[in-house]
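Have the structure open as you read.

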Amino acid sequence: QVQLVESGGGLVQPGGSLRLSCAASGFTLDSYTVAWFRQAPGKEREGVSCISKRGGSPSYVDSVKGRFTISRDNAKNTVDLQMNNLKPEDTAVYYCAVKLRASCSHERYDYGNWGQGTQVTVSS
């Protein structure tokens with residue numbers, strides 16, 4: 001089974017940037033569709049972004065379009081999430097997850113492998 005570890009979270013002021021990384025072991029991450037989710041305190045886990053294993057265009061939910069960028073770094077076997085112009089409502093634990101189907105989705109139940117999460121806090 002693929003094992004996933006997220007890193008790069010932290011505390012940042014509104015308007016700042018963070019870069020999250022999802023590192024895989026046990027398989028090449030390029031063989032999987034990869035998605036980022038987040039869960040804020042007291043709220044349900046929601047999809048943020050995904051990238052297909054077939055190299056299709058990445059997908060973003062409306063709330064992060066133009067601010068977040070998902071990308072693969074196959075040399076490091078990671079999928080990264082560059083987050084710019086961060087807002088307080090972006091505060092959450094961010095998780096990466098993978099699935100075998102090639103098509104992107106923001107549905108939590110489509111994914112069978114998850115990392116442990118990394119905390120992102122946006123506060124002034």
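## The disulfide

Cys22 and Cys96 are joined by a disulfide, with an S to S distance of 2.1 Å; the rule used here asks for a pair of cysteine sulfur atoms within 2.5 Å. That rule gives a count of 1 disulfide. Cys22 sits in strand β3 (residues 18-25) and Cys96 in strand β9, so the bond ties together parts that lie 74 residues apart in sequence. Strands here are DSSP runs of E, at least two residues long, numbered from the N terminus. The S-S torsion of this pair is about 70 degrees, which means the disulfide is right-handed.

## Model notes

Heads-up: this is a predicted model, where local features need pLDDT of at least 70 and side-chain atom pairs need 80 or more, while totals for chains, interfaces and linings use all residues. Numbering runs from 1 along each chain as its sequence is written, and side-chain values use heavy atoms, leaving out hydrogens and water.

## How buried are the cysteines?

Cys22 is buried at 0% relative accessible area, and Cys96 is buried at 0% too. For cut-offs, buried is under 20%, exposed is over 50% and partly exposed is in between (1.4 Å probe, protein chains only). Cys50 is also buried, at 0%, whereas Cys104 comes out partly exposed at 25%.

## Arg101 in its loop

Arg101 belongs to the loop between β9 (92-99) and β10 (113-114). Because its relative accessibility is 66%, Arg101 counts as exposed. Leaving aside residues up to four places away in sequence, Arg101 touches Thr33 and Lys53, where a contact is heavy atoms within 4.5 Å.

How values were computed. Helix = DSSP H or I, 4+ residues; strand = E, 2+ residues; numbered from the N terminus.
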